[in-house]
Amino acid sequence: MTIKSFILPVLAFSALAPAAQAADIEFWYGNTGVTEEAIQGHCEAFNAAQDAHTITCVGQGSYEAGMQTAIAAYRSGEHPVLIQFFDAGTLDLMLSDAVLPVSDIMPDVDWSDYNTGARGYYQTSTGAMFSQPYNGSTLLFYANMDMLGEVGVTEVPQTWERVIEVARLLQADGHACPFVTDGHPWRVLEQFSARHGAAIATNNNGYAGLDAEYSFNTGPVADHLANLAAWREEGLVRLNADTAAGNYVAAFNAGECAMMEASSGSFGAIRAALGDAAALGMAPMYEGVERRNTFIGGASIWVMKGHEDADYEAAVAFLNFVRETEQQIEMTRMTGNLPVTMAALNELVASGRAVEPEFATAEMGVASLNQPGNENSRGIRLGFYVQFRDVFIEETQRAFNGEQTMQAALDNSVVRGNELLRRFEQTYRGVTLP
């Protein structure tokens, strides 16, 4: 990667006209690996493309660590102007009184150009955007077609019934790891619920009020988790700990496992490891269920309160820069993350580059986000959701390890999750959801 790969002709940066006062600002982000390289490329290119402002981009190691560090910094008055937060922290940030809605400081942006999945997750009930989607991703299905070809399979499975049929063929042929997952709630709960149109919680997953309660311990999610547990017992599914690599993506990339669900943002590393053997499709459905949109994953950029006007001018300039179509396209090329505006996707398609292997996630991922939605596929507005994810992982891993039934794990997750929701509701008593 070079700075030049991110820089467009100077005329493309009319949005970066010199401000009244120069500013040096910081942007804190939580990614590592190729996505971190892409973010640093954006920052270097922004600084090279204009001389009105300077941005310093500071990695925090992970989304969770970045969220905790930024909140602590805000309390001490040492917080950055821009922060990258992931999807799970959305409601906590919206109600924190620490951020400015991006549509308030950038009223002239056409926010309707953002794809449906991205817009719905970060938009208020009145249509205002709280944050600007950035390294957007969604869930896709990956298959090693060299391995599937050994058992006569030439197409990526599209249903769970077909996934398991292929898994049994692979197992019978001596493959020890037909399908691999880590069981993370983003994959097996959130994205599964969204595309199957099923509720995670009442009140439209919390959008209709803070008195929501978790409800996934019955219905499609409960059935699917029970299936995953049974398929693991049958030897068709492996978890992180079951693999030689110790990580589900690494196991797939090493050719240890034949199929997996993973973020579109994983595609860059997958393609580098497997080349043309890596094929992808939309995340599988159960037969007879209408496909709904998947959730946006990855993260967005938020603007923090408590800074000078010149700082916000610099922030707006950087947000305009990374929204440019070529900047989004370069992020997609490097990482597999998706164009978050339709303008960027349309330009990619019009250029003829969308058919190139390095852009394989773009049209498919955006199409997954833009499927018809319902009240359960808009997003998640549940407080302390980062902590809830930890609860879900703890309980379901105990079930996968045979320490309790999967139904008990889901029941326990609901009880403990509702305790978190009631604490959050008490914390923000009397506050109206944005």
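## Close-up views of a predicted model

**View 1. Thr 90 and the residues around it.** Thr 90 is found in helix α3, which covers residues 90-94. Everything in these views comes from a predicted model.

**View 2. An open sheet of 5 strands.** Reading across the sheet, the strand order is β8-β7-β9-β6-β10, with mixed pairing. The edges are β8 (237-238) and β10 (278-282), each of which pairs on one side only. As a reminder, strands of a sheet pair through backbone hydrogen bonds, either parallel or antiparallel. Now pick out β7 (residues 179-180) and β9 (residues 259-263): these strands run parallel and are joined by 2 bridges. Here you'll see Phe 179 standing opposite Met 259 in β9.

**View 3. Helices on the sheet.** Which strands does helix α7 lie across? Helix α7 (residues 160-172) lies across β6 (139-144), β7 and β9, and runs at about 135° to β9. Helix α8 (residues 185-196) packs on the sheet too, where α8 touches β6 and β9. The direction of α8 makes about 115° with that of β6.

View 4. The model has a count of 26 aromatic pairs. One of them is Tyr 142 with Phe 267, a stacked pair at 6.5 Å centre to centre with 15° between the planes. Why does this pair tie together parts that are 125 residues apart in sequence? It does so because Tyr 142 lies in strand β6, while Phe 267 belongs to helix α12 (residues 267-274). Both partners are tucked away: Tyr 142 is buried at 0% relative accessibility, and Phe 267 is buried with a relative accessible area of 4%. Move on to another group of rings, and you'll find Phe 27, Tyr 29, Phe 46, Tyr 134, Phe 318 and Phe 321 forming one aromatic cluster.

**View 5. Helix α14 against helix α15.** Helix α14 (residues 325-335) packs with helix α15 (residues 342-350) at an angle of about 70°, and their axes are 9 Å apart. That makes α14 roughly perpendicular to α15, because angles of 65 to 115 degrees count that way. Which residues meet here? From α14 come Thr 325, Glu 326, Gln 328 and Ile 329, and they meet Ala 343, Ala 344, Glu 347 and Leu 348 in α15.

**View 6. Asn 376 in a loop.** Asn 376 lies in the loop between α16 (360-369) and α17 (385-400). With a relative accessible area of 9%, Asn 376 is buried. Where does the Asn 376 side chain reach? It gets to the backbone oxygen of Gly 197, at 3.0 Å. Setting aside neighbours within four places in sequence, Asn 376 is in contact with Ala 194, Gly 197, Ala 198, Ala 199, Asn 205 and Phe 295. Finally, find Gly 206: Asn 376 and Gly 206 are 170 residues apart in sequence, yet 9.6 Å apart in space, C-alpha to C-alpha.

Technical notes. Residues are numbered from 1 along each chain as its sequence is written. This is a predicted model: local features need pLDDT of at least 70, side-chain atom pairs count only at pLDDT 80 or more; totals for chains, interfaces and linings use all residues. Side-chain values use heavy atoms; hydrogens and water are left out. Two strands pair if DSSP finds at least two bridges between them. Helices (H or I, at least four residues) and strands (E, at least two) are DSSP runs, numbered from the N terminus. Contact means heavy atoms within 4.5 Å. Axes are lines fitted to C-alpha atoms, for helices over the stretch in contact, and angles run from 0 to 180 degrees between N-to-C directions. Rings of Phe, Tyr and Trp (its six-membered ring) pair if their centres lie within 6.5 Å; planes under 30 degrees apart count as stacked, over 60 as edge-to-face and the rest as tilted. Buried means under 20% relative accessible area, exposed over 50%, partly exposed in between (1.4 Å probe, protein chains only). Angles under 35 degrees count as roughly parallel, over 145 as roughly antiparallel, 65 to 115 as roughly perpendicular and the rest as oblique. A polar contact is a pair of N or O atoms within 3.5 Å; within protein, one must be able to donate a hydrogen and the other to accept it, and residues adjacent in sequence count only if both atoms are side-chain atoms.
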